Amino acid sequence: MSLLPTATISDIARHNGQTVTLAGWVAHKTEKGKLVFIRLRDGSGVIQCVVFRKNVSEETFTAAQRLTLESSCRITGAVRADERAPGGFELDVSSIEIIQVSPEYPIQPKEHGVEFLMEHRHLWVRSAKQHALLRIRAEIIAAAQEWLNAQGFVRFDTPILTPCAAEGTTNLFATPYFDLGTAYLGQTGQLYVEAGMMSFGKVYCFGPTFRAEKSKTRRHLTEFWMIEPEVAFALHDDNLALQEQFVSAIVQRVLERRADDLATLERDTKPLERCIPPFPRITYDEALRLIAERYSEVEGCTPLEWGEDLGAPHETLIASMFDRPVFVERFPSAIKAFYMEPDPDRPEVALCADLLAPEGYGEIIGGSQRIHDAALLERRIREYGLNVDDYRWYIDLRRYGSVPHSGFGMGIERATAWIAGTHHIRETIPFPRMLYRMYP
RNA sequence: UCCCCGAUAGCUCAACGGUAGAGCGGCUGACUGUUAAUCAGUAGGUUCCAGGUUCGAAUCCUGGUCGGGGAGCCA
């Protein structure tokens, strides 16, 4: 005995004319006298099932009437092409097996407030738009990993519990760790992935990262997923070239494979279709000049002194000047992480770049060439007020066959928000962790 | 942490200091082509909490709680 369906809705066309059993949940129901329409959702798609009183047993018709929104059931019937049906096919029902009748389902097909939806996130993920969004997230993750694998990268998993701050300054989540004191939830796998790079040449890590920053915006989560490639012998320009190929490959794959989901989300795909290398590159200095000329175009945007970091309004302004993602490179070293390689021609700036997504979605990638000289690295650690002993192993990497190398980190949720065209990052992960929400 | 906004039926909201309401959803009934059906009927309230002003507070004031939008920081 099996409860498994004999067909899935996504490839129902192959079963045209056949009798199949589907298994899923009631996404919508309309009764019209001796006729019941059930939209059944099985995870792969939705199909309308039609129950005619005269064509079925009394038990089956009663079962159809008893079904409520989100009730689970198995429905057997004949697949029939029908122009009146959304999707082109519908099921002429012959029998219904109820698994469970759902009591009044909280989420209705109408407007709901943010608080209510977040409180019901465990149910909200069933809704059509959330379903499409999370499927696009899964596609982005698969595309990113498979593209890197095909390029010869090796996945190199890095620890989540770490003994010290990778980048020192930002706030970390702390937790007691037996007799060894305090452990911190990792904010990046980068330092560890550099060790992997020296073993495999091309590696990446992928996993959740944690930032205990009290950020309360549509672009921030306290727990988010990041994919971080690292390449031996790669210089700054190689790094940018890798990033634009990587991002473009992901976008093109989502366009190819998730067109239906993008349509469900009413995403305008034209800006995505333009996302082809080369991406424009401007330096931090050029960015400051552009901001000085045009800051009045964005509310809250002000001119910057050299040495100040770009804020959200500045990123929005810069991104609005280009029709595809744009690199802003060579920031002042003082406002960037300690491990970034100085520009040999201008030591006060770092060989780093942020990739800003178009349409105001902000920074999706941060990356740099890393310092490969042990003495310089140690000096920088001291300058940043960090404890050199904590970084012995990291400095050690520069003592045994050190090579110039580069890498970057892409935030999965921000990339998903941009590609899917979602206003708020909280919808791009199944269960967002935010400053004021940890439930469900 | 700072600035701004909000909290009334299960949900989305209305009620200008004077009897708390609508739509949707639920329930009951009608309907053989519905797409968030339509029509009729019906149930449903500690107006976030505490205090204050007032003859009278959902409404005004004070404090708190919870939430939303934004900033800084970052991906």
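**Strands, helices and domains, with reasons**

Tutor: Strand S13 (residues 326–329) pairs with strand S16 in the antiparallel sense, over 4 bridges, and the model in which this pairing is seen is a predicted one.

Student: Which strand is joined to S16 by 6 bridges, and in what sense do the two run?

Tutor: That is strand S17 (residues 362–370), which runs antiparallel to S16, and within this pairing Leu355 stands opposite Ile365 of S17. The two strands make a hairpin with 4 residues between them, and Glu359 in its turn has a positive phi of about 60 degrees.

Student: What makes S16 (residues 352–357) a mostly covered strand?

Tutor: The count is 6 buried residues out of 6, where buried means under 20% relative accessible area.

Student: Why is Ala350 called buried?

Tutor: Ala350 has a relative accessibility of 1%, and the limit is under 20%, so Ala350 counts as buried. This residue lies in strand S15 (residues 346–350), and, with neighbours within four places in sequence left aside, its contacts include Arg330, Phe331, Met340 and Pro342.

Student: And why does Ser72 count as buried?

Tutor: Ser72, in strand S4 (residues 72–81), has a relative accessibility of 14%; that value also falls under 20%, and therefore Ser72 counts as buried. Beyond its neighbours within four places in sequence, Ser72 is in contact with Gly24, Trp25, Ile98, Ile99 and Gln100.

Student: In which arrangement does S4 take part?

Tutor: S4 belongs to a closed barrel of 5 strands, in the order S1-S2-S3-S5-S4, with mixed pairing. Neighbouring strands of this sheet are turned against each other by 55 degrees on average, with direction ignored. Strand S3 (residues 46–52) and strand S5 (residues 89–100) pair in the parallel sense over 3 bridges, and Val50 stands opposite Asp92 in S5. Helix H1 (residues 58–66) lies across S1, S2, S3 and S5, and runs at about 80 degrees to S5.

Student: How are helices H9 (residues 284–294) and H10 (residues 312–320) placed, and what is the crossing of their axes called?

Tutor: Their axes come within 10 Å and cross at roughly 90 degrees. Angles of 65 to 115 degrees count as roughly perpendicular, which means that H9 is roughly perpendicular to H10. The contact is made by Ala287, Leu290, Ile291 and Arg294 of H9 with His314, Leu317 and Ile318 of H10, and these residues divide into 5 nonpolar, 1 polar and 1 charged.

Student: How far is Leu317 from Ala350, in sequence and in space?

Tutor: The two residues are 33 residues apart in sequence and 22 Å apart in space, C-alpha to C-alpha.

Student: Which domains does the assignment give for chain A, and how far apart are their centres?

Tutor: The domain assignment gives domain 1 as 9–100 and domain 2 as 121–280 + 322–428, and their centres, taken over C-alpha atoms, are separated by 45 Å.

Definitions and conventions:
Residues are numbered from 1 along each chain as its sequence is written. Chains are lettered from A and ligands numbered from 1 in the order in which they are written. This is a predicted model: local features need pLDDT of at least 70, side-chain atom pairs count only at pLDDT 80 or more; totals for chains, interfaces and linings use all residues. Side-chain values use heavy atoms; hydrogens and water are left out. Buried means under 20% relative accessible area, exposed over 50%, partly exposed in between (1.4 Å probe, protein chains only). Two strands pair if DSSP finds at least two bridges between them. Contact means heavy atoms within 4.5 Å. Axes are lines fitted to C-alpha atoms, for helices over the stretch in contact, and angles run from 0 to 180 degrees between N-to-C directions. Angles under 35 degrees count as roughly parallel, over 145 as roughly antiparallel, 65 to 115 as roughly perpendicular and the rest as oblique. Ala, Val, Leu, Ile, Met, Phe, Trp, Tyr, Cys and Pro count as nonpolar, Asp, Glu, Lys and Arg as charged, and the others, Gly among them, as polar. Domain bounds come from an automatic or database domain assignment.
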